[in-house]
Amino acid sequence: ARGVYVSGSYAYVAHLSSRHGGILTGSLQVIDITDPANPTITGAVETPDVASGVYVSGNYAYVANTRSGLQVIDVTDPTKPTIVGSADTPDEAWDVYVSGKYAYVAIGAYEADGSLQVIDVSDPENPAIVGSADTQDEAWDVYV
């Protein structure tokens, strides 16, 4: 687990996994925590890359997905989370925070400065970068 967000009776986990000879992949796992002594995975969706951060707002989970930018996942039915949109970022997306109609994504760049990307998520199927600010080093976390 690289990131966790709790909303209601569910924990949403940005998960790192490896498969096919050690190739790293990720997923969003939805875990029912109604009984904290017996959490159970109720649903999951594989993401295009390593899932490193997650934020839930309304019926959507927003996943920072390293080299695949921001993934928007419909979690209306927690047993069947579905990717509905994505936004490419200039480098690896490591964390995300959502406030209103904007997702704020921390970008880490190993060989260059990082940045904060501001993404309009008012249309979850078509998120779009509307602004950015370079940071003096890698940006790994974000809290607005």
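Biologist: Which residue stands opposite tyrosine 62, and in which strand does that residue lie?

Modeller: Tyrosine 62 stands opposite valine 72 in β7, where strands are DSSP runs (E, at least two residues) numbered from the N terminus. This is a predicted model, in which local features need pLDDT of at least 70 and side-chain atom pairs count only at pLDDT 80 or more, while totals for chains, interfaces and linings use all residues. Residues are numbered from 1 along each chain as its sequence is written, and side-chain values use heavy atoms, with hydrogens and water left out.

Biologist: How many bridges join β6 to β7, and in which sense do they run?

Modeller: Two strands pair if DSSP finds at least two bridges between them; here β6 and β7 run antiparallel and are joined by five bridges. Their hairpin has five residues between the strands, and threonine 66 takes a positive phi near 35° there.

Biologist: What is the strand order of the sheet, and which strands form its edges?

Modeller: The sheet is open, with four strands in the order β5-β6-β7-β8 and antiparallel pairing. Its edge strands, β5 (53-57) and β8 (82-87), each pair on one side only.

Biologist: Why is strand β7 described as largely enclosed?

Modeller: Buried means under 20% relative accessible area, exposed over 50%, and partly exposed in between (1.4 Å probe, protein chains only). Four of the five residues of β7 (residues 70-74) are buried, so this strand is largely enclosed by the rest of the structure.
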